[in-house]
Amino acid sequence: MGDGRLDVARVRGLFPALADGFVHTDGPAGALLPENVARAVAHAMRMPVSDRGGVFPASGRAEAIVSAARSAIADLVGGAPAGVVLGANMTTLTYQIARTLARTWRAGDEVVVSRLDHDANIRPWIQLAEEVGVLVRWAEVDIETGELPSWQYDELVTERTRLVAVTASSNAIGTLPDVAAISARAHAVGALVYIDGVHAAPHRLLDRKALGADFLALSAAKWCGPHVGAVVADPALLEQMWPDNVLPASDRVPDRFETGTPPFELLAGVPAAVDHLAGLCGEASGSRRDRLSASMAAVADYEGRLFGWLDDALRAMRHVHVLGCPEDPTPTLSFTVAGMTPRQVTSELSRRGICAWDGDYHARELFDALGVNEAGGAVRLGLLHYNTADEVGYVVDTVAALRVR
C-alpha cells in the first residue's frame, strides 16, 4: 500500500534519462520520460499495428491503442473517453477548435483572452476573431504580483461574449488563476470556456467540470508522456461542432476532430504516462482516478516544499530579480540577473550542468507586459517530481555565484 508520500529516490530510478548527470530544471518545456513510457512506445513499434477500421488483428490493435489513450486522459482530468480529442499537440488542436467555433461567430461578438497565457491559447483566438470581425478583450496581469485578478472578468465578459480563453497555470511564473470563478462568469452569459491545462497538469489534479472548462487542452509531453496533445470536452458539446476534415473521415465524436492517421506508437505511451503519475506513491488501491488523486496531492506537497526553498533563496539574492510573486504557484519561476543577458545565464548554467530555458517561452504577452522582452526575456526554472533537494541546493549555489565576467 502507498503511504501518501513521494519517495524521490525510487521515482528517479524510473527515469533512464537522469543518467546524463544534468540537473533538469527545464520541465516546463517537456518532462523526461520514465522507462515504462519508453517501453510502451517501443512495444507498439515492434507489434503489427495497422490503421483502424479493418477486420484483422493489427487493425484491432490500433483501435485498442486509441481507446486506451482516451480512457487514460479521461481519468487524468475527470472527463469522459468519448470527449477526448487526440492530436499532434495542444497548439494544433486549439487551432482546430478555434476554426470550428469561429464559424458560429458574427461581427459584434466578443472573445476574451489573457496576457498570462501561452501564445497557443491567445493567437488562434485573435487570428480567427480578426477574420470574422469579432472584438477581442484582454484580461490583464497584475505586473507586481503576477496574478490574474478574476474580478476584472465582471467587466470583460458581456452578453456578446462567445468564448473566454484562460490558462490554468502560467508556464512562465506559475500563477494559478481562479479559473472556476472566471468560468462561472462566462457561463452566466452563455459563453464557452477554453482552458489551457498544459502547465498545470503535471503539478495538480485537474477536474474539467470543477474548473468549468468546456474545453480543457493538454500536452502529454509535460506529464512524462510522448509528444501528443488532447482536448477534453463534453461529448454532447462536440456533437454540435463540425470541423474541417476529409470526406471519407468518420463523422463520429470525437473522431471527426482528428485529421489523418494518428501516431499509434506515441499514443501507446499515453496510458503508461498516466499510470506513472498514478503510481508515484507506490502501490495503492482504488480506481486510476483515485490513485491519481493521492499521487498528485503528494506531488504538490513535495514540489511545493522544494520550490519554496528555491523561490525564497533566489529572491534573497541582490543580483537576481524574480518576476512576480503569485500566491501558491506551480513550481515554476522566471528571473533575470543583473549585468547578464538571459542567454548568458543559461549558457553558464549549462556549462555547470543545469538545464534551464531563456527567452519568453511563448509567454510573449506576459513578458511584454512585464517589460523584459526587449532585454531577451528571462531565465526559467521549473521543478518536477523527479527533482531533488540536492539539485535545488546546487542550482541555488550556482545562481548565487553568477557574476558579470
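1. Strands (E, at least two residues) and helices (H or I, at least four) are DSSP runs numbered from the N terminus.

2. The model is predicted: local features need pLDDT of at least 70 and side-chain atom pairs count only at pLDDT 80 or more, while totals for chains, interfaces and linings use all residues. Residues are numbered from 1 along each chain as its sequence is written, and side-chain values use heavy atoms, with hydrogens and water left out.

3. β13 belongs to an open sheet of 4 strands, in the order β9-β10-β13-β12 with antiparallel pairing (two strands pair if DSSP finds at least two bridges between them). The edges are β9 (320–322) and β12 (357–359); each has a single partner strand, so one side of each is left without a neighbour in the sheet. From one strand to the next the twist averages 35°.

4. On one side, β13 (residues 378–382) pairs with β10 (residues 332–337) over 4 bridges, in the antiparallel sense. Ser 334 stands opposite Arg 380 of β13, and Thr 332 has Gly 382 as its bridge partner in β13. β12 is joined to β13 by 3 bridges, also antiparallel, with Gly 359 opposite Ala 378.

5. Helix α12 (residues 288–315) packs on this sheet and touches β9, β10 and β13 (contact means heavy atoms within 4.5 Å). The direction of α12 makes about 20° with that of β10; axes are lines fitted to C-alpha atoms, for helices over the stretch in contact, and angles run from 0 to 180 degrees between N-to-C directions.

6. The largest nonpolar core has 103 residues, and those with the most contacts inside it are Tyr 153, Trp 223, Leu 310, Leu 314 and Phe 335. Such a core is a set of buried Ala, Val, Leu, Ile, Met, Phe, Trp, Tyr and Cys residues joined through side-chain atoms within 4.5 Å. α12 supplies the largest share of this core, 10 residues. Leaving out residues up to four places away in sequence, Phe 335 touches, among others, Leu 314, Val 320, Val 322, Ala 378, Val 379 and Leu 381.

7. Helix α3 (residues 57–77) packs against α12 at about 50°, with the axes 8 Å apart. The two helices are therefore oblique to each other (angles under 35 degrees count as roughly parallel, over 145 as roughly antiparallel, 65 to 115 as roughly perpendicular and the rest as oblique). Ser 71, Ala 72, Asp 75, Leu 76 and Val 77 of α3 make the contact with Arg 288, Arg 289 and Leu 292 of α12.

8. Helix α11 (residues 269–278) also meets α12: their axes come within 7 Å and cross at roughly 55°, which makes α11 oblique to α12. Pro 271, Val 274, Asp 275, Leu 277 and Ala 278 of α11 meet Arg 288, Arg 291, Leu 292 and Ser 295 of α12.

9. Asp 255 lies in the loop between α9 (235–239) and α10 (264–267). Its relative accessibility is 11%, so Asp 255 counts as buried. Apart from neighbours within four places in sequence, Asp 255 is in contact with Arg 52, Arg 70, Asn 245 and Ser 250.

Definitions and conventions:
Buried < 20%, exposed > 50% of the residue type's maximum accessible area, 1.4 Å probe, protein only.
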